Amino acid sequence: MFQRIIDGISASTGTTMRLTSLAAGVAFALFITTCFLCAAAFISVLDKYGPVQACLAGAGIFFLLTLTAAGSYWGYKRETQKRARIAAERAAKSAASSMLADPMLLATGLQVARAIGIKRLLPILAIGGVALGIMASRLGATDEASAEPAE
């Protein structure tokens, strides 16, 4: 049993390492390509307009790249937060519905109701409902506060 778990972890780790090294190689090649393109653009502007304009053109190109990267990061961050919020809502709905749909829980509840009696059980259920509502509101507030990453 443990051997299957270890084999699964080993296979996923090997795949992750291969993909990570491939991504690092692609990033390095992209960096070198960008360096040569920037050098070519710099030399072209230097020959035509002069050194100051060439430096300003290079700075403009890198400023545009920075804005693009920041926009991509911002969009990714919003999408991640949206997915986390949707997953939390689904988990909360699933947990509540699965708990109420559990036949053992319903059978236990019916046995408790028969043993104690409905008239005595109503105040206890009312207090339990209020406590459950307070607990659910606190869990929702905690999830919203923890969903924002620290910067």
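The sulfur of C38 lies 6.8 Å from the closest cysteine sulfur, that of C35, which is too far for a bond. In keeping with this, a search of the whole structure finds zero disulfides, a disulfide being a pair of cysteine sulfur atoms within 2.5 Å. C38 is buried, with a relative accessible area of 19%, whereas C55 is partly exposed at 47%; here buried means under 20% relative accessible area, exposed over 50%, and partly exposed in between, with a 1.4 Å probe and protein chains only. The structure is a predicted model, in which local features need pLDDT of at least 70 and side-chain atom pairs count only at pLDDT 80 or more, while totals for chains, interfaces and linings use all residues. Residues are numbered from 1 along each chain as its sequence is written, and side-chain values use heavy atoms, with hydrogens and water left out.

The secondary structure of the chain comprises four helices and zero strands, in the order α-α-α-α along the sequence; helices (H or I, at least four residues) and strands (E, at least two) are DSSP runs, numbered from the N terminus. After α3 comes G117, with a positive phi near 105°.

Of the 151 residues in the chain, 5% are buried. The chain exposes about 12,900 Å², of which carbon and sulfur atoms supply 72%, with accessible areas taken from the Shrake-Rupley method with a 1.4 Å probe and, for residues, only the protein chains shown counting as cover. On this surface F28, F31, I32 and F36 form a nonpolar patch with about 460 Å² of accessible area together. Such patches are made of residues with over 30% relative accessible area and no salt bridge, like charges being joined within 9 Å and nonpolar side chains (Val, Leu, Ile, Met, Phe, Trp, Tyr) within 5 Å. F28 is located in helix α1 (residues 2-48) and is exposed, with a relative accessible area of 55%.

One salt bridge is found in the whole structure, the term denoting a side-chain nitrogen of Lys or Arg within 4 Å of a carboxyl oxygen of Asp or Glu. The side chains of R83 and E79 meet in a salt bridge at 3.4 Å, N to O. These residues, R83 and E79, are four residues apart in helix α2 (residues 51-100) and are therefore separated by about one helical turn. R83 is exposed, with a relative accessible area of 58%, while E79 is partly exposed at 35%.
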